[in-house]
Amino acid sequence: MLAAIGVTTIEDLFDAVPSSHRFPKLDLPAPLSEMEVTAELSAMAEANDHAGDFAIFRGAGAYHHFIPSALGHIVSRGEFLTAYTPYQPEISQGTLQAIFEYQSMMCSLTGMDAANASHYDGATSLAEAVTVALEAGRGKRKKIILSPAINPQYRAVVRTYHQGRELKIAGDSGRADISDLVEMLDDQTAMLAVQYPNYFGQVDDLNKLAEKVHAAGALLVLVVNPLALGLLKSPGELGADIVVGEGQPLGISLSFGGPYLGFFACRTEYVRKIAGRIVGETLDQDGRRAFVMTLRPREQDIRRDKASSNICTNQGLMSLTAAIYLSLMGKHGMRKVAELCYHKAHYAAHQIDLLLGFRVDTSKPFFHEFVVKCPRPVAELNALLVEKGILGGIDLGVDYPHLKDHMLIAVTEMNSKAEIDALVDALKETIQ
Amino acid sequence: MSEPLIYDIGSPGRQGATLPVCDVPITPIPSELVRANLDLPEVSELQVVRHFTRLSSLNYSIDKGFYPLGSCTMKYNPKVNEDMARLAGFAQLHPLVDNEGAQGALALMYQLQQWLAEISGFKAVSLAPAAGAQGEFAGILMIRKYHLDRGDTKRTKILIPNSAHGTNPATVTMAGFVAVELPADANGDVDLKALREACDDTVAGMMITVPNTLGLFESHILEVVNAVHDCGGLMYMDGANMNALMGVVKPGELGFDVMHYNLHKTFSTPHGGGGPGSGPVGVGEKLVPFLPGPVVTISEEATGDEEAPLYAMTMPPKSIGRLKAFYGNFGMHVRAFTYIAINGDQGIKDITRHAVLNANYIRVKLQDTYKIPYNRACGHEFVLEGHFEGVENIHALDISKRLMDYGFHPPTNYFPLIVPEALMIEPTESEDKSTLDGFIDTMKKIAAEAHENPDLLRSAPHTAPVSRLDEVRAAKQLVLCCRPIPEQGG
Amino acid sequence: MGDWKVSADLKYTKNDEWVRIEGDTATIGISDYAQNQMNDIVYVEFPDVGASFAQGQAFGVIESVKAASDVFMPVGGTVTEVNSVLEDEPELINGDAFGKGWVIKVKLNSAAEADSLMDAAAYAAYCDSRQ
C-alpha cells in the first residue's frame, strides 16, 4: 500500500504537520487484553452502590423501573446499534420507521400533534422549548416564566443555554405557586412552564391554566414524566402548546445519569420552528410507503448560522428504546405500571406519616414521589439507611432552603411491599 | 412488502410485558386526575420482537458493511464496550447516590478526563457535553465568558472557514455571536490574507477543524493560531477529525485554547442510528475555570500504597454552567474508557497511522478516475468530485445511490460546500486492504457505468428495500404521526 | 442566457427578489433563477399583514427540500396582502415565479428606493456571471 501511495513509511504521510510538534509522546498505559480490561472494569463497577445491591427510594429526575428482558436484546442488535444517522433513507428504513412509531406513541401519550426524534435529555428539551417560544413571539417577547417546582437542574440548563441572549427569566426565585405565576403574565411573556407532576411529585390543578396563559398571548409548556401519563390526563387535554420531559422512565437504565432521552412534542403550528430531527411518511418511486427525515432545511447542516439550534447527533438509540418499551408495555401495561407506582407510593407515604416525628405533605395529590418532613437532617438519615442497603430520598434542603430537613421519596413498581416495610422500619429506628 | 406499523399489529387486550399484581393496599385515585383514553399498541412480546427484528433487517450498519462516511469516523464498535456499559454497577447506578457510593464511576470518569487531556495536550477536560454540537456550544460559551470576565465586551465575532461543518455557525448564533466566514485559498487552506484582515479587537475567537473538512492538514496552522492570538482572540478546534491526529500532534501544543472530542467518532462508541454520542471538551490553562460542570476532581489524595483517592463532582469556579441534567452521557464514557484501556499507548497511535494510510491508499487509487480538487497527502479522509466531464446530469447523489446496489453505504454527500458534487471518503483504520480494494473497484465500475449506461445510476438504488423517496411530498404533506389526536383543550 | 426567464418590466435585487411597482403598491416575489436554484418549493413563511419592513430587511422564508432561504425587501413598506394560495400550492413559485407565484404586496415607503435596484438586462447579466 505504501508503494502504491508513493511513500516509504507511514510517517511520511504527516509532512504537513509542523516538525516541531510532530509525533509527541503519549503518556498512556500499555495495551491490555479484553480479559484484563474486563476484570479492571468489573472491579470499578462493584465500587458503586447500585440497584443490584440496594433498595432504591430515590428519584428526582431518574427512576428505577422494570425493563423487560426483550428490550435489551432488540436494542443491542448490530443493525440498530451500529447504524448511522438515516441520511440515506433507502437503507435506513428500520431506524426511520422505528422513530416514526416513537413519534406517534409520544403524540398519543402527550396529546400533541407532532414529536421530534429526540433531544439530549429533559433539561435540554426545556431549553429548546424556550427557543421555540421566543421565535413564536417573533423575537418581540423577551420574558419567560418558570415554575420553581421545575427540577432545579433543568432551570439551570435553561440559563446556561440562553446566557448569550437577552432573556428575562421570572417566577422561580421564591416559592411561587400556580396562581402567583399567572399574576406574572404580561404582553412581554413568551411562555410559562410548569412541571407535571412537579419536582415534589405533586399533581397541580392545571385545568384553568392554559386559558390564562393564552389570554396573555404566551405559550404553555409542560415538563412531564411520560410514565405518569400512563395514568394522568394528557397535556393536550390540559391545553399545552409544547410538551417536554425526560424519557428515561421508558425502559432506559439509570446509568449514572446518561445517556437519557429528551422528548419534545408540540401542536402543529409550531412544527416548523422546532429543533431536532423529525421523521415523516412518504412514498418511494414505486409507490411503497416509506419514511424519511423531513423539514431538514431547519437543521444546522443546511440553515447553518440561521438554524434555531445546532443539534446534530441526538439520542437516537434511546428513542428506539422508548418505542420498544411502549410497545411491550402497550395500552394496558402503561396504565398498570403507573397504577402500581401510585399505590405503592401512597402506601409508603401512609406508613411513614404514622411514624412519630415524620410528616408527609398531602396538601396536593401526588403520583409516585412525595415530600416528608423529617425529625433529623436528611444526610444523617441517609447514612443510616445506606448501612441497611437502602438508598433513601434526596435532601430537598440543598436546592430549596425553606425545605431543610425535608426528604423527597420516590416509590416505583420495583419496590416490593417488603422493601417498603423495611424502609419504614429503618426510619422508625432512626428516632429511637 | 412494507413492514406494518406497530399500531397495525396486535389485538385488543394484548400486553407484551408481564407485571406483578399489586402487593400493597389500593388507594382510590381521584377520577378528575385520570385520562379517559390511552392510544398505545396492544401486542404480544413475540409480535414486538418480530416487528423490530424485521425493521432492523432493513438497515445498513457497520456490523453489516463498509461505511466510508467522511467526517463520521464509522469505525468498528467493539462488543466488549457494550458489555462493560451494561455491568450492573454502572447500568443500575442512580446518578444521585451519595459521593461515597459512586467512587467506581467517578474514578472511571476522572481517568477518562486525564487520558483525553493527554491525547490532545490539554490541561483539563469536562465530560459534561452530550454530543459534539454541545461540546462546540460549551467551547464558544467559554470563550464568551472568558472575555466578559476580563471586562472586554467589544468582541462580537467568531471567525469560521467556509468549509466548516454546519454545527459551527449554528453554535456561534446560539451563543450570541456573529459568524464571519473566511474563504479558502487555492490550496484548500484558510486564506491567511483574509484571516489577517479580519483579525481585530472585535474578534472573540476562531473555530477551525484540523485536519480541515477537505481532509487536509492546514499548511500554516501556527500562523493561523498566532494571527488570532495576536489580536486577543482564542482558538477553538473542532475535534471531529481527531482520528487523524492521535500520536501525531497535540492540538494543545499547537496553541489551541479549547477543543471538543466526539467519543462516537474517534473513540468507537456506537452511532445508534442517530445517537447517543458524547462531546467532552478539553481546555488550556486560560479556560480551566470556565469548564461546563460538574467535573470530577480529587477531593482527598490517596495515602499509602493501598488507598485510592476520594473523588468528587465539582462545579468549576467560573463555569459557564450546567449543559444537561447530571453528568453527561456516562454510558458512553464507560465505552470510551474501555476502548482507550484496551488500545493503550501503542494502539492509539496505530489507529491514526492506519486510518491515514487507508485514506491515502484509496485516494491514489481513484485519482485517475475522479477529480480530486486538492490532491496531496491527506489525513484520515479526502474529497473527490462526483461528476464526470462530458456526462450530463450525473451527480454525486446518483453515484451514492448506485453504490448501495453494490452493498456499500455511500460516502458523505455535498459536504464541504466549497467542492461541487462533493463526496467525502473516510475508510477508518478498521477496514483491511481487501475491503478497500473492493470499494475502489466498485467506484471505478460506477464511473464506467456513468459513461456507458448512466440511467443505471439515475434510477438507483435497485436492490435496496425501497427506491428513491419523494422528499418533496414528505415536506409538503407533513405526516409525522400515524394516530388521530383526540380533542385538545386550551 | 441560461435556463431561466427574466421579466422585462420588473426590478431585481442581488438576492434574487423582484418587485413590480404600480402607484404606491409594490408586489414582491423571487425570480425564476432563484426558484430554479432551490428546486421544489415546499413552504412559504409569510410576515403578518400590517407589519412594516425597511429596504433590505428579511420579511419571510421560502423553503425547499434542500434549502431554506430568507427573503429580503427590495423596497421598504407595510404589508397589505400575502399570497395565501401558496400555503396549499407553494409550487406555483416554481411554475410561475413572476406571475401566480408572487409572495407579498406592500404599501411603498418611497418609490425612489427602487432606483438602486437592477433592471432586467442588468439582472440577466448578473445571473449569467454566477454560472
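Guide: Helices (H or I, at least four residues) and strands (E, at least two) are DSSP runs, numbered from the N terminus. The model is predicted, so local features need pLDDT of at least 70 and side-chain atom pairs pLDDT 80 or more, while totals for chains, interfaces and linings use all residues. Residues are numbered from 1 along each chain as its sequence is written, and chains are lettered from A and ligands numbered from 1 in the order in which they are written.

Visitor: How many helices and strands does chain A have?

Guide: The C-alpha atoms of chain A fill a box of roughly 85 × 60 × 50 Å along the principal axes. Its secondary structure comes to 13 helices and 15 strands.

Visitor: Which helix of chain A gives the largest share of the side that touches chain B?

Guide: Counting residues as in contact when their C-beta atoms, placed from the backbone, lie within 7 Å, 167 residues of chain A and 169 residues of chain B take part. On the side of chain A, 23 residues come from one helix, spanning residues 316–353. That largest share belongs to helix H11 of chain A.

Notes. Contact = placed C-beta atoms within 7 Å.
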